[in-house]
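Colleague: Please take a close look at the sheet architecture of this model, together with what surrounds it.

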Amino acid sequence: MAALRLGDTAPNFTAKTTEGEIMFHEWLGDKWGVLFSHPADFTPVCTTELGMVSKLKDEFDKRNVKVIGLSVDPLDSHMKWINDINETQNTIMNFPMIADDNRYVSSLYDMIHPNADNSFTVRSVFVVGPDKKIKLTLTYPASTGRDFFEILRAIDSLQLTSNYSVATPVNWKDGDDCIIVNSISNEEAVKKFPKGFKEVKPYLRVTPQPNK
Ligand code: BEZ
């Protein structure tokens, strides 16, 4: 199966999770989603990642985002591991983890990269919009823990583009100026961006962040 690309519909699936069986699209409802895989249960980097995602629950909620993890270990293993995550990361796991022991979802999303490891998933991230389209993907190797603050930052950018027709420049942080997308004419920009904009070049127009 060809790899999933930005703009593709996130494949739907039914899966066992630590919070019961879900149908992915139904579970997402009209919210944004983050589906992320981690290589295996009872491993150190994954333990820290899952603890951090739990701690960031309010930040995902604020952005109308539902989060779901996945590994190819079975449900009873996930359930036991959650006790360790809670204990060592000082949290209470508050989002579901898919038990993909038949590798259905990981195959559907191409999360197993045999030249990296034949048995475990790599660290994949799929950000899915309310239209169920894939908006962003990331692939990290097992040995590199992800920066979930970066994932939140990228979601802020995606949501600004979706709601206000702006893009975000290099190293953008919440509150910084944004870039008006090129499909908006100057005439439209005058109406759409009441705080004004600066035309540095005809293709580079900068405006204060619209929702601040
Ligand atoms: C980890 O989460 O620590 C890990 C998992 C698989 C391979 C290497 C590290």
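Modeller: The following account begins with the basis of the model and then turns to the sheets, the helices and the pockets.

This is a predicted model, in which local features need pLDDT of at least 70 and side-chain atom pairs count only at pLDDT 80 or more, whereas totals for chains, interfaces and linings use all residues. Residues are numbered from 1 along each chain as its sequence is written, and side-chain values use heavy atoms, with hydrogens and water left out.

The domain assignment divides the protein into domain 1 (14–146) and domain 2 (164–207); such bounds come from an automatic or database assignment. Taken over C-alpha atoms, the centres of domain 1 and domain 2 are 34 Å apart.

Five strands form an open sheet with mixed pairing, in the order S5-S4-S3-S6-S7. Here strands (E, at least two residues) and helices (H or I, at least four residues) are DSSP runs numbered from the N terminus, and two strands pair if DSSP finds at least two bridges between them. At the edges stand S5 (97–99) and S7 (134–140), each of which pairs on one side only. From one strand to the next, the twist averages 20 degrees; angles run from 0 to 180 degrees between N-to-C directions, with axes fitted to C-alpha atoms, for helices over the stretch in contact. Within this sheet, S3 (residues 32–37) and S6 (residues 123–128) run antiparallel and are joined by four bridges. Phe-36 stands opposite Val-125 of S6.

Two helices accompany these strands. Helix H4 (residues 75–89) lies across S4 (65–71) and S5, at about 145 degrees to S5. Helix H6 (residues 148–164) packs on the sheet and touches S3, S4, S6 and S7, its direction making about 150 degrees with that of S3; contact means heavy atoms within 4.5 Å.

H6 also contributes to the largest pocket, to whose lining H6 gives the most, with five residues. A pocket is an open set of points on a 1 Å grid over the protein atoms alone where a 1.4 Å probe fits, with protein on both sides within 12 Å along at least five of seven lines; lining residues have an atom within 4 Å of a point. The largest pocket holds about 300 Å³ of space, a volume being the space filled by probe spheres set on points joined across faces, edges and corners. Its lining numbers 15 residues, with Lys-62, Arg-63, Asp-156, Gln-159 and Asn-211 closest to the centre.

The second largest pocket, of about 150 Å³, has 13 lining residues, and Lys-57, Asp-61, Val-65, Lys-66 and Val-67 lie nearest its centre. H3 and S4 each supply at least two residues of that lining.

A further open sheet has four strands in the order S8-S9-S11-S10, with antiparallel pairing. S8 (166–167) and S10 (198–201) are its edges, and each has a single partner strand, so one side of each is left without a neighbour in the sheet. Two bridges link the antiparallel strands S9 (residues 178–180) and S11 (residues 204–207); Ile-179 has Val-206 in S11 as its bridge partner.
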